[in-house]
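Let's take a walk through this one together. Have the model open and follow along as we go.

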Amino acid sequence: NSLRMRLKLCPNLHFSSHTDASNLRDNTGWLSRARSEEVPLSLNISSAVLRGETDDADYIPEEDLRSLSETEVEGSGEAGKEKLVLSQECHLVTLMSAIKGRFDITTTHVYFHDLSPVKEDMDRQDFKWPLSSLREIYLRRYNLRRSALEIFLIDHTNYFLNFTTKTRNRVVSRLLGLRPPNLAYNSSRSPADLLRASGLTQKWVNHEITNFEYLMQLNTIAGRTYNDLSQYPVFPWIVADYSSDDLDLSDPASFRDLAKPIGVVNPRNEADVKIKYDSFEDPSGMIAKFHYGTHYSNSAGVLHYLVRVEPFTSLHIELQSGRFDVADRQFHSIPQTWKLLMDNPNDVKELIPEFFYFPEFLKNLNKFDLGLLQGTKERVNDVVLPNWASSAEDFIYKHRKALESEYVSSHLHEWIDLVFGYKQKGPKAVEALNVFYYCSYEGAVDLDAITNPVEREAVEGMINNFGQTPSQLLKEPHPPRLSLQDALSKMLKTDRKPDITMFLNKLTPISVEVFNDKDPVVYVSGPRSPPRGFLQTTLPDCLVTVSQAGILGVHSWLPYDRYNNRGFTLDVDPTLSNNKSRRSIAGSFHPSITLHSQLFCVSHDGKMLITAGHWDCSVRVFSLTKNKTLVSVIRHFDLVTCIALDNCGWYLVSGSQDCTCVVWDISQLASAPLKPVQTLYGHDQPVTTVAIATELDLVVSGSKDGTVNVHTIHEGQYLRTLYPAGCEGMCTEITFLAFSTQGQIAFTASSVTSHSVHVFSVNGESLGSKYVAGRVTGLVTVGDCLVVVDDAGDLTMSRLLGLYPVFDIPLHIPILDVVVTPGNSHLLVSLQDSN
């Protein structure tokens, strides 16, 4: 998703329970396969391939970019036709393998052709996507060689491609020369320069982004990627208390010392680590002194944590020579793993991002036979959690809260100094007991200088196994974060407003009359900007409303206005007060339809209004600037009852009384009509509500049959059906649906006798259900909270996990719609009295 969380489990059509791997493990003894945690220092490497520490950053000089992009490409000049611009052999890097292929760039698309041998049980990795979907390009290292690039698309999918250094630069220049329209930026500059230019550090200092977001962005800029296990994103251990029944986030003793490497967080290990460094001498003089022979992030460590989830299970077995590792060495308990880290300075594994968002990796959902512990004969199954966590979901929630706590916020910069900053290498690293084996550092080995293919393969394997240190982003101390209180005070004095969940006790309803009380607003939306990288941030400047009679309003909206005593400005559309200039979209709606919020969507650029509910079963596009209908497309066989737009501006989904949903491509909405992509089936009665999350490749639809169906977008594959808990045997209708940023699916169900709210995880796990008093009229997620409004005039906010009440505001007037503005700075609700 936008936070670079990988949330969704996918069906595995080639699933294996790996029974043979379990049997092979059980036939070998504990002692026969004992591993050493230390580096095999006997590996002989030619001194010609060793290089001293280098400060050269990975970047492409601007003059090289210009000269390469200005080179005329044969056959690319004819407009309107797709012409080949560049064809280059490369490898697509996927976790622990590199797939040989050909990368083609044309004037309109990018292709990868999988050239690896065809195997029945292996999916092909060919892909094709339009240049308009390209969002970000990063220069990358592969096996410490500056030869790769990583491409991110608008839907948040990404590809890691390895070339040679020279051809990599040529590929980047060709892509930039074609000027992809949605390319936010590219990192032809060095990682350190990119961080400085991004302004991310100051945003983090001022609490404008979370600790998780900042760490994820630092990992991305420093070259860490989900596509290469030897460069997997790294996160810190933050909690030190895994035995208490309650985790006290106000007690500093609950936390790990972030100023020290994990190997010496236990003070008793410091002396041993120092002695090891001081006493090490390489007879050949090639290998520098080091404190740790293993790394805090490597392939084996990532597979250790993710052994219960495919494809990591298969990769773990491959790494272990075709068998599962013995049970006592498996990741079976979080408290036990922490204890072993504290007792053994040779084990220095930090965490992976999944510890903060992905509860499924803690469960043995595939029922793999992971063996029996030697001492207790207990079978290894789900990961044993700390006492303070009641479930995997509860652990993730509390662990994330700990990451965002005041203590971690005030000390996180110290850990950043160790991993990404000035204590990463050099004298400061020695002083901080933070030096790792030499071949994990950028520039330490020159693979191109190795002429012997066997020796080169051995060195590549060593780099992959031992892990790679991230690119150094800072050479001076990282600034500390402001306290939450200071950050809030600073925000309230500037043109920024904090997230409303940060000060719920100060929420104040402010009324703005939009139209007369005889024609209330049924739909309100703030137009959103297309998804961009963190270097480009924009704010919407208008609100679009539709009244019950179909009157259209486009209002001026300024969310931050220090000169207005309200703190914001909402200037009502002046045409609403003049009958002659008033804009109306009424007239084409089916007479059985009462206009409601789910019949309308505003495009991400705020220029188009997409509408449903028309007598001819069409979906229409209305131009807000030209004041006329531009497109009318019919795909359904009955009335279209609801539509929803994704967060990427790429797809729209519509639901109909014909019991189907249609996914539409709207990426070229300004120049081309809606293009149907998928028709989704599965409901027995009319579809009443829909939602879509392109970044998760998911569409959800609710129906009068009381079910919520989940499909994929790109293949139209049915995944599962969700049922509202406690509504069995009732005649229940699903009325509203919403996705959270972390993929939770929230929906409301209504029957003659009751109204209820339900939340499921992206993978179908029930996270909470509760009854509500009034008929629900709107649903929206804000951070990790769910906002529900009803016809009794109540606005309630609950925690998504468990639906525990957080806050409520009684407005005493029926509410017709609710929307949250970008940055979660405001909640906008439309009332029956036209306020």
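Start with a charge and a ring: the charged end of lysine 289 sits over the ring of tyrosine 277, 5.9 Å from its centre. "Over" here asks that NZ of Lys or CZ of Arg be within 6 Å of the ring centre and within 35 degrees of the ring normal. Arginine 799 does this too, with its charged end 4.0 Å from the centre of the ring of tyrosine 397.

A word on what you're looking at: this is a predicted model, where local features need pLDDT of at least 70 and side-chain atom pairs count only at pLDDT 80 or more, while totals for chains, interfaces and linings use all residues. Residues are numbered from 1 along each chain as its sequence is written, and side-chain values use heavy atoms, with hydrogens and water left out.

Now for rings meeting rings. Searching the whole structure turns up 35 aromatic pairs. Rings of Phe, Tyr and Trp (its six-membered ring) pair if their centres lie within 6.5 Å; planes under 30 degrees apart are stacked, over 60 edge-to-face, and the rest tilted. Take phenylalanine 103 and phenylalanine 163: their ring centres are 5.9 Å apart and their planes at 75°, so this pair is edge-to-face. Phenylalanine 103 is in strand β2, phenylalanine 163 in the loop between β7 and α3, 60 residues apart. (Helices, H or I of at least four residues, and strands, E of at least two, are DSSP runs numbered from the N terminus.) Are these two buried or exposed? Phenylalanine 103 is buried at 0% relative accessible area, and phenylalanine 163, at 5%, counts as buried as well. Buried means under 20%, exposed over 50%, and partly exposed in between, using a 1.4 Å probe and protein chains only.

Another edge-to-face pair is tyrosine 305 with phenylalanine 331, so called because their centres are 5.2 Å apart and their planes at 85°. Tyrosine 305 lies in helix α8 and phenylalanine 331 in the loop between α9 and α10, so the pair ties together parts 26 residues apart in sequence. Both residues are buried. They also belong to one aromatic cluster, whose members include Trp237, Tyr242 and Trp338.

Strands β16 (residues 618–623) and β17 (residues 628–634) pair antiparallel over 6 bridges; strands pair if DSSP finds at least two bridges between them. Valine 619 stands opposite valine 633 in β17. There are 4 residues between the strands, and asparagine 627 in the turn has a positive phi of about 60°.

Finish at an open, antiparallel sheet of 4 strands, in the order β22-β23-β24-β25. Its edge strands, β22 and β25, each pair on one side only.
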